Amino acid sequence: MDDEHTGPQTPAPGADDRLLAPLGELIRTADPPPATAVELAKQSFGLRQVDTELAALVADSALDPVGSAVRAGEQGTLPRLLTFEVEGTDDTPQAVEVEVSGSGRYRRLLGQLHPPGAARIEVRQPGGDAAPVDADDQGRFVVAAVAVGLMRLTWHRPGRSAIATAWVRLD
């Protein structure tokens, strides 16, 4: 109701919940969000630490038709090369280079951190726990079996902010 002195009346908070609940259930049932979107939203909570930096994918050999044409061999047998980079807070770029190889349901990751140095690496995949591995004092690491699908790496170095890569699909 309008009152010439107070303006339109606003319903109390939660007053429409009884009407909106069935509508929300109908929408969730008829057109649910894709499972991948739900899982990525859940995984995004891993970045809720304020000091975690995001490393962007700056090179992917699977997307480089010129580089793949130069290499010999069948496309399925060539390793995939990924490079992620973030500008460091101390003007030193942080990066990780990863060679992805293998076939079947799992891939092998062979990685190198830049600048070199020891670190704790976590491999994250939707629906799974983080699988930690250690990089040696030269920044080298190996992950023997990563399931095909979405994956991200997070590395932690003593005295520095954690760095997480963008999500990437391993095929």
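**Entry 1: terms and model**

I take helices (H or I, at least four residues) and strands (E, at least two) as DSSP runs, numbered from the N terminus. By that rule T154 is found in strand β10, residues 149-156. I note that this is a predicted model, in which local features need pLDDT of at least 70, side-chain atom pairs count only at pLDDT 80 or more, and totals for chains, interfaces and linings use all residues. Residues are numbered from 1 along each chain as its sequence is written, and side-chain values use heavy atoms, with hydrogens and water left out.

**Entry 2: the chain overall**

I looked up the elements and found 3 helices and 12 strands in the chain. Of the 171 residues, 30% are buried, where buried means under 20% relative accessible area, exposed over 50%, and partly exposed in between (1.4 Å probe, protein chains only). I read an accessible surface of about 11,100 Å² for the chain, with 56% of it belonging to carbon and sulfur atoms. Such areas come from the Shrake-Rupley method with a 1.4 Å probe, and for residues only the protein chains shown count as cover. I then turned to contacts (heavy atoms within 4.5 Å). Among those between residues at least 6 apart in sequence, 51% join residues at least 24 apart.

I count two strands as paired if DSSP finds at least two bridges between them. Strand β4 (residues 80-86) runs antiparallel to strand β5 (residues 94-101), with 7 bridges. F84 has V96 in β5 as its bridge partner. On to strand β6 (residues 106-114): β5 pairs with β6 in the antiparallel sense, over 7 bridges. In that pairing A95 stands opposite H114. The hairpin of β5 and β6 has 4 residues between the strands, and G102 there takes a positive phi near 110 degrees.

**Entry 3: β7 and its partners**

Strand β7 (residues 119-124) is joined by 5 bridges to strand β8 (residues 131-135), and the two run antiparallel. I121 stands opposite V133 in β8. I find 6 residues between β7 and β8 in their hairpin, where G127 in the turn has a positive phi of about 80 degrees. β7 is also joined to β10, by 5 bridges and again antiparallel. R120 is bridged to H156 in β10.

**Entry 4: two threonines**

Is T154 buried or exposed? It counts as buried, because its relative accessibility is 7%. Beyond residues up to four places away in sequence, T154 touches R120, I121, E122, R124, A162, I163 and A164.

T165 lies in strand β11 (residues 163-165) and is buried, with a relative accessible area of 0%.

**Entry 5: the nonpolar core**

By a nonpolar core I mean a set of buried Ala, Val, Leu, Ile, Met, Phe, Trp, Tyr and Cys residues joined through side-chain atoms within 4.5 Å. The largest has 23 residues, and V98, L109, L113, I121, F141, M151 and L153 have the most contacts inside it. At least two residues of this core come from each of β4, β5, β6, β7, β8, β9 (140-147), β10 and β12 (168-170). I looked up I121 as one of those residues. Leaving aside neighbours within four places in sequence, I121 is in contact with L113, A131, P132, V133, A135, F141, L153, T154 and W155.
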